[in-house]
Amino acid sequence: MGKDGESSGDEHKSHKLSPYYLSSADKFGHKIIQVTLKGESNFDEWSVKFHGALHAKKKLGFLTGAIKKPSESKPDELEDWGVVNAMLVNWIFNTIEEKLGSTITYTEEVKVLWDDIEGRFSVGNGPKVSRVRGAISACKKKEGESVSEYFCRMKSLFDDYDKYDRTPMCECGGCKCSVNQILSR
């Protein structure tokens, strides 16, 4: 600790850099996000919030596979990885609707668990784009609804549309990136 009870930069830095660090606030029974996964209907919202929470805690690499399970030749690192991995598996199950959780095969590796959940509940972009297009074309101002409320509903639909309908754009400035071939498919 530095003067006046402030922590020195070096003390804080060692915890800040390690994805294996768990703070005293990180509890096994903790619900890391407030959204509960109910299935396909809210997977996207749940996934985005879960990713954000893990990113803020420097643990996202466990889900993406960027932080790989260490080899047996590094027992200390393997133990640290195992502790954090077990915590993340628990956090996932703590944010899944109970009856849905019983249908998910338990695995001890968070990356395998995440990939399984994503494979089961993530809907491909084609159906999502079609669903959002239908909602946009059917969206009408409701009686008693303010223009501002209607605008917010429409903006939300268009934001969803933009999120799922990714039209490739030229990134090279001289069309050497084959975007024309991609668009003509």
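**Entry 1: helix 2 and helix 6**

I began with a crossing: helix 2 passes helix 6 in a left-handed crossing. The model I am reading is a predicted one. I looked up the geometry of this pair, helix 2 at residues 43-56 and helix 6 at residues 110-121, and found an angle of about 155° with the axes 10 Å apart. Helix 2 is therefore roughly antiparallel to helix 6, since angles over 145 degrees count as such.

Next I listed who touches whom. From helix 2 the contact takes F43, W46, S47, F50 and H51, and from helix 6 it takes W114, I117, E118 and F121. Sorted by class, the contact of helix 2 with helix 6 has six nonpolar residues, two polar ones and one charged one.

I stopped at E118, which sits in helix 6. Is E118 buried, exposed or partly exposed? Its relative accessibility is 33%, so E118 counts as partly exposed. I also checked E118 against S47: the two are 71 residues apart in sequence, and their C-alpha atoms are 8.4 Å apart in space.

**Entry 2: helix 4 and helix 6**

I moved to helix 4, residues 75-94. Its axis and that of helix 6 come within 9 Å and cross at roughly 25°. Helix 4 and helix 6 are therefore roughly parallel to each other, the limit for that label being under 35 degrees. On the helix 4 side I noted N85, L88, V89, I92 and F93, and on the helix 6 side V110, L113, W114 and I117. The contact of helix 4 with helix 6 divides into eight nonpolar residues, one polar and no charged.

**Entry 3: helix 2 and helix 4**

The remaining pairing I looked up was helix 2 with helix 4. Their axes come within 12 Å and cross at roughly 150°. That makes helix 2 roughly antiparallel to helix 4. I noted the crossing of helix 2 and helix 4 as right-handed. Which residues meet here? W46, F50 and L54 of helix 2 meet L88, W91 and I92 of helix 4. I counted six nonpolar residues in the contact of helix 2 with helix 4, no polar and no charged.

Some names came up again. W46 and F50 of helix 2 are listed in the contact with helix 6 and also in the contact with helix 4. W114 and I117 of helix 6 are listed in the contact with helix 2 and in the contact with helix 4.

**Entry 4: two loop residues**

I then looked on either side of helix 2. N42 lies in the loop between helix 1 (9-17) and helix 2. With a relative accessible area of 12%, N42 is buried. Setting aside neighbours within four places in sequence, I found N42 in contact with V35, T36 and L37.

K58 lies in the loop between helix 2 and helix 3 (60-64). I noted its positive phi of about 60°, although K58 is not a glycine. Most residues other than glycine have a negative phi. K58 has 43% relative accessibility, so I put it down as partly exposed.

**Entry 5: the whole chain**

Last, I looked up the totals. The protein chain has nine helices and zero strands. It has 185 residues, and 30% of them count as buried. Among contacts with a separation of 6 or more, 55% are between residues 24 or more positions apart.

Notes. Residues are numbered from 1 along each chain as its sequence is written. This is a predicted model: local features need pLDDT of at least 70, side-chain atom pairs count only at pLDDT 80 or more; totals for chains, interfaces and linings use all residues. Side-chain values use heavy atoms; hydrogens and water are left out. Axes are lines fitted to C-alpha atoms, for helices over the stretch in contact, and angles run from 0 to 180 degrees between N-to-C directions. Helices (H or I, at least four residues) and strands (E, at least two) are DSSP runs, numbered from the N terminus. Angles under 35 degrees count as roughly parallel, over 145 as roughly antiparallel, 65 to 115 as roughly perpendicular and the rest as oblique. A crossing is left-handed if the near helix is turned anticlockwise from the far one by less than a right angle, and right-handed if clockwise. Contact means heavy atoms within 4.5 Å. Ala, Val, Leu, Ile, Met, Phe, Trp, Tyr, Cys and Pro count as nonpolar, Asp, Glu, Lys and Arg as charged, and the others, Gly among them, as polar. Buried means under 20% relative accessible area, exposed over 50%, partly exposed in between (1.4 Å probe, protein chains only).
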